[in-house]
Amino acid sequence: MADLSTCPPLTRASVKVAHERIKPYIHRTSIATCETLNQIASTPQCERCPNAGPNIASEPAPHGHNVSGDVLSYTAAPKVRLFFKCENQQRIGAFKARGAFHALGRLIEEEGIENVRKKGVCTHSSGNHAQALALAAKTHNVPAHIVMPTISTPSKIAGTKSHGANVIFSGSTSDEREAVIREVIANTGATLVPPYDHPDIILGAGTQALELEQQVEDLLAQQPDLGIRGRGKLDAVIAPIGGGGMLSGICTALHGTGVKVFGAEPSFDGANDAEIGLKQGKRIEKVSTLTIADGLRTSVGAIPWSIISDKEKLDDIYSVTEEQIKAALKLLMERAKLFVEPSAAVSLAVVLYNESFRQMVQRKAGEEGCNIGVVLSGGNTTMEAMAKLFAAPEETEERAEAKVGVNGERKAENVAG
Amino acid sequence: MADPTTCPPLAPSSIAAAHVKIRPYIHRTPVITSRSLDVIASSRDPRVFLSENPPPTLASEDVERSRTPTPRFRLFFKCENFQKIGAFKARGAFHAIARLVEEMGIEEVRRRGVVTHSSGNHAQALALAASTFQIPSYIVMPSISTPSKIAGTRLYTSNVIFSGSTSQEREAVVNEVIADKDAILVPPYDHPDIILGQGTVGLELEEQVDEILQQQQAKNASTTGLDAVIAPLGGGGLLSGVATWFSDKAGTLVFGAEPSYQGGDDGRRGLAQGKRIEHVKTLTIADGLRTPVGVTNWDVLCDKHKLEGVYAVSEEEIKMAMRLVFERLKVVVEPSGCVGLAVVLFNREFRALCASRQQMGMREKEEEGWDVGIVFSGGNTTMKAIAKLFAEVEVDGDAGDEGSANAEREAGKIGMDGERRVEDVAG
C-alpha cells in the first residue's frame, strides 16, 4: 500500500485533490429526488400505519423491536427533503470504485507504473471493493489478486472475475483471510490495497460528498421548490457504515462546511458496532453478523474510527432492523424506481423508521425543515436475491402480477394500460 | 372528450405546442447511457451475458465478426419510469385535461368531471392530472388490475369503480358514469390529444440525445441525432406520438416493440395482414400492453413514413432484458417497459435489419453503428411481482432445496462450501 507516512493529510482540501485524480475514471453519478418519499419521510410514523386510515405508504411501516409496541406514540414529524446520491450507478455498481482508483493512482505516483505492474496489487473483499480494485487494476494493466471469502455472492464473484482479476477463496473469518493474503503477498510480492482502513481509500470515497454538495446546490438554484424554501443547499448527509471508509471520507470532505454528517447501520446480531462503540467510547474490533446488508458486515477500521469518533466531524450514528431495511429497500424500488442493494437502503431506513433520528431532526430543523443528502452506496444485488427477500404467499403474488382479478377470475380482454 | 375535429393536427409542431402546455406539470425525465449495455447489444449473441459467468463488458475489442453481420449500437434510454405516477401516461393525461379546459372552460370541466377506463397507468395519470386542477375524476378499473396500481389511483381520487375485464363490461360501466354524472370521457390512448401528449417523449429524447452527443464530441461531426427509436406498443398512443414527432426527421427510423405471448403482438400481425386486429386476450407479463392498437393510432402506424416496423419478443426475452435493466443499469422498469430493449437485444429480424442498414451506410463513414433511443415507458411494478417472476424454479423436492440454496448464495447468507460463518467481512 502507498506508505502511510507519504499520504496526504485527511482534509477537505485533500479530498478535492483526490477528486481531480480520479475524475477521468469514475462517473459523476446523478442526484435523484422523489416527492413520494419526501412526503412519507415528513409524515409521523403513527400516521403511516394502516390502522390509522388511508395513507401514502399503503404498506405497514415496521417499527423497532425495542419499543413497547405502540406505534401510535411515534409522533416525530420532521420536515425533510431528500436528495439521493446514486452511487448504485457508479462504475462496478458501487462507490468503492472511487477509493480503488484513488489508491491505485497514488501507488502509481509513489512507485512508478513499471514497479506497480511488476508487483501487482492484492486485497480481501466480499464484493464491491474486489470488483472496484479489479477494474482499477485492469484499467492500468496491473495484475490483481483478490481474496474473497466463500460467503461472497456469486454475482460479485463473477463481477470480479469479469475484470480479469485472479480470485482466491478463503474462509470467512479474519484469521483465515489474513493467512491467505500473507501467502499471496509472499508468492507474488503484490502490494496490499485494503478495503477501507487507509487514507487513500478514505480520500477517494469522500469525493462523492463533494459532488453531492455541489450537485444539490446546482439543482436547487434551478429548481428551488425541490428543497426547503430559501435554503439552497444541503443541511445534512446520511450514509451507511461498515468499515467506515465511506463515512469517514464524507466527514472529511464536509468538515468545516456546516453540513452535519450521520451514519446508518444495521442492528442485526451486533452489526451496529459503530453505534455501540461510540456510546461506550471504544472501537469494537470484531463483528460476526449475517445481516442482509451484506456490504456492512465488518467492524469499523482504526483510521475511520479516529475520524468518526470526532464529534466535530460526525454527529452520530443510528441503527435499524432487518425489517426496516427491507421496507426502505421496497420503497426505493417501488416509488423511486432505483435498484439498490440492501446495504444501500440503510440510510433511508434510518430517516423513515429510526424515531430517535426523527426526533432529533425535528428538534434541530424545526418548522423550517431541512435538506438531507442520502447516500445510496451501491446496487450490486440480483433478481434472485430480491425474489427471496420479497417472496409472498401464492394468492397475493398472482394478484400482484395481474393474473387473477379481485373476484378470482382469470380473464382479460383489450385491457388498456 | 375534446372534439377530435377541434384538435391540433398530428404533426411535430403540435407536439411542441403540447410540450409547452404540460411542461410545468411533468418531469423532464433523464436519458441514461451504459457502456456495458452498448457492448452487450453490439455483441454477436447478447444471451451469453445472462449466463452464470458473463464475459467482460469493458470494450468491444473482443467482438468476433461472424458470418452473420452483427449490428452495433449506442443506446440512449429515456427513463419514463421516473415520470410523475411512474409512467409516460402522465403526459397524455395532462395534455388532454389542458385541452379540455381550453375548449370548455375550467368551470364546465369541474362541474362535469372526467371519466376513463384503465388497468393502471392511465388511471393514475388521469386521476393526478384531474386532481391537479381540482376536477373530479371517475376511474373504471378492471378487477384484474394490480393492487398497487389501484392504490396509486386512490391517492388522487375517491371514485374508483371496478368492472369486469372484457370491453363490453367496461364500456357498460363507463356509459353508466357518463349518463349519471355527465362526465367527459378521456380515453387511454385513442385520441389525438393523448397522442400529442405522449409524443413529447420523442421531443425531449431528441433534445437530450443531441446534448449528450455534443458533450461527448462524437468523432464524426456529421453524425447528428438518433438513427432509430424504439418504443413499446400496446394501444399505440406512445408509439404513434413518438412516430409523429420524428416524422419530419428522415434520418430517424421509429420501431414498435410488442410481446408475442398469446397474441399480444396484434400490432405486428395487423400490419402484416393490412388490417387492424380488434381484440386481444393475453396474460403477458407486459401487463401495460394487453390491448389492441386503437383506431386513430392505427392510421398513424400504417404510415411507412412514420413507423418503420414492429417486432415482437417472448416472455423469456422480456425477462432477460428486465434482468439487465435492473442488474446493470440499476433502474426499476416494469416488464412492459423492457420490451423495446428486448427487441434490440434478442429479435433476430430486427438485428439483421439494423446490421444490413449499417453496412449500407458504411460507404460514407467509418463503421460506427447506430445511436438508438429506447423508451422505458414505466416503472410501476412491485417487489412481489418481481419475486414471482424471478423466484427459483422448483423441479422436484430436492431441487427446491437447491433452488432455495442458490438464492441464499445470492443473498450472501451461505458460503460456497455450505458454511454460515462470517467475521469482519469487508464490503
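The legends below describe close-up views of a predicted model. Local features need pLDDT of at least 70 and side-chain atom pairs count only at pLDDT 80 or more, while totals for chains, interfaces and linings use all residues. Residues are numbered from 1 along each chain as its sequence is written, chains are lettered from A in the order in which they are written, and side-chain values use heavy atoms, with hydrogens and water left out.

**View 1. Chain A as a whole.** Chain A has 16 helices and ten strands (DSSP runs, H or I of at least four residues for helices and E of at least two for strands, numbered from the N terminus). Of its 417 residues, 65% are buried (under 20% relative accessible area; exposed is over 50% and partly exposed lies in between, with a 1.4 Å probe and protein chains only). Among contacts in chain A with a separation of 6 or more, 74% are between residues 24 or more positions apart; contact means heavy atoms within 4.5 Å.

**View 2. The open sheet of chain A.** Four strands of chain A, in the order E5-E4-E3-E6, form an open sheet with parallel pairing (two strands pair if DSSP finds at least two bridges between them). Strand E5 (166-170) and strand E6 (191-192) of chain A are at the edges with a single partner strand each, so one side of each has no neighbour in the sheet. Strand E3 (residues 121-124) of chain A is joined to strand E4 (residues 144-149) of chain A by four bridges, and A:Val121 has A:Ala144 as its bridge partner in E4(A).

**View 3. The β-α-β unit around helix H6 of chain A.** E4(A), H6(A) and E5(A) make a right-handed β-α-β unit (with the strands pointing away from the viewer, the path from the first strand over the helix to the second runs clockwise). Helix H6 (residues 154-162) lies across E4 and E5 of chain A and runs at about 175° to E4(A); axes are lines fitted to C-alpha atoms, for helices over the stretch in contact, and angles run from 0 to 180 degrees between N-to-C directions. Five bridges join the parallel strands E4(A) and E5(A), and A:Pro149 has A:Ser170 as its bridge partner in E5(A).

**View 4. The largest nonpolar core.** This core has 101 residues, and A:Phe357 and B:Leu75 have the most contacts inside it (a nonpolar core is a set of buried Ala, Val, Leu, Ile, Met, Phe, Trp, Tyr and Cys residues joined through side-chain atoms within 4.5 Å). Helix H12 (residues 315-329) of chain B gives the most to this core, with eight residues.

**View 5. The surroundings of A:Ser347.** A:Ser347 is in helix H13 (residues 346-353) of chain A and is buried, with a relative accessible area of 0%. Leaving aside neighbours within four places in sequence, the contacts of A:Ser347 include A:Ile238, A:Pro240 and A:Val375.
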